[in-house]
Structure formats: C-alpha cells, structure tokens
Amino acid sequence: MSDASSETEEIEVKHTKSDNYRLIPANGVSGGIQPQGELKMEFTYDHNYKTNTEYYNPDSGKLSEIRMDGHLEREHQVGVTMEQREAYETALWILTRILGENVTQQDVDDVITQLAEETEQ
C-alpha cells in the first residue's frame, strides 16, 4: 500500500466500556501538576450531612432525638492522571461541549492563546 492511500483511509473507532465502568456523580474537582509532570484530577462529590444520629423509642417506634452535626463531607470519587497536553485537549473538549455547537475547539484554543499572550506582555 502506498503512503498516499494510507493517508486517505478511514479509521473506524469502536467505543467499548470496561466491565468496571460506572457513572459517578461529581460536583467538584481538585488536583494539580504531579512531580512527573502529569495533571492529577480528583473528581469530588460534596455531601451536606446535617443529621448525625437519630434515636427512636423502642416501644413506640417514634423518633425521640436527633443529633445534628453541621459539616460538609467532600467525598473523593475517582482520580485521573494524564499528560498535560491531553489534559489541555480534554479541557478544550469540555469547554466546546458547554459553549454549544457554534463554538469549535479551535475557537476556544484561539481565545486561550490570545489571553496567554496578553498575560505575557
């Protein structure tokens, strides 16, 4: 096969899911650049638990006391590491989906590049 024909061939991508795949709710993210240079992201889910303990009367079955504990629990659901370039491409992909069909990844990349250049000046 010549180089020219291999450049025009289509590549079929089949999407599969791991047997361990599960959809996890998240309402936050934390993380940062790791010593190896990869970006680590931990997707979190915040729970606002106010009821700590409930006590019921064994004879009547009625609630006799509630102890409240006003705290926020930030549950770390899953962590992901990836190279910074892949993280950047992922961020572009996310922003493009959020901004709608009239915005391309190139549009977002152009604005980010322009902002970075203005910041350097």
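Q: Why is Glu89 called partly exposed?
A: Its relative accessibility is 32%, and partly exposed is the range between buried (under 20% relative accessible area) and exposed (over 50%), with a 1.4 Å probe and protein chains only. So Glu89 counts as partly exposed. A note before we go on: this is a predicted model, where local features need pLDDT of at least 70 and side-chain atom pairs count only at pLDDT 80 or more, while totals for chains, interfaces and linings use all residues. Residues are numbered from 1 along each chain as its sequence is written, and side-chain values use heavy atoms, with hydrogens and water left out.

Q: What makes Glu89 and Arg85 a salt bridge?
A: Their side chains come to 2.5 Å, N to O. The term asks for a side-chain nitrogen of Lys or Arg within 4 Å of a carboxyl oxygen of Asp or Glu, so the pair qualifies. Arg85 itself counts as exposed because its relative accessibility is 51%.

Q: Why are Glu89 and Arg85 separated by about one helical turn?
A: Because they are four residues apart in helix H2. Helices here are DSSP runs of H or I with at least four residues, strands are runs of E with at least two, and both are numbered from the N terminus.

Q: How many salt bridges does the rule find?
A: The count comes to three. One of them joins Asp46 and Arg74 at 2.7 Å, N to O. This pair links distant parts of the chain, 28 residues apart: Asp46 lies in strand E2 (residues 39-56) and Arg74 in strand E3 (residues 63-82). Asp46 is at 23% relative accessibility, so it is partly exposed, and Arg74, at 49%, is partly exposed too.

Q: What makes Glu42 and Lys40 a salt bridge?
A: Their side chains meet at 3.2 Å, N to O. Glu42 is partly exposed because its relative accessible area is 21%, and Lys40 is partly exposed with 29%.

Q: Why is Thr96 called buried?
A: Because its relative accessible area is 9%, which falls below the buried limit. Thr96 sits in helix H2 (residues 84-99).

Q: What makes up the nonpolar patch on the surface?
A: Trp93, Ile94, Leu95, Ile98, Leu99 and Ile112, with about 560 Å² of accessible area together. The largest share, five residues, comes from H2. Ile94 is found in that helix and is partly exposed, with a relative accessible area of 40%.

Key. Patch = residues over 30% accessible without salt bridge, like charges linked within 9 Å, V, L, I, M, F, W, Y side chains within 5 Å. Areas by Shrake-Rupley, 256 points an atom, 1.4 Å probe, with all protein chains shown as cover.
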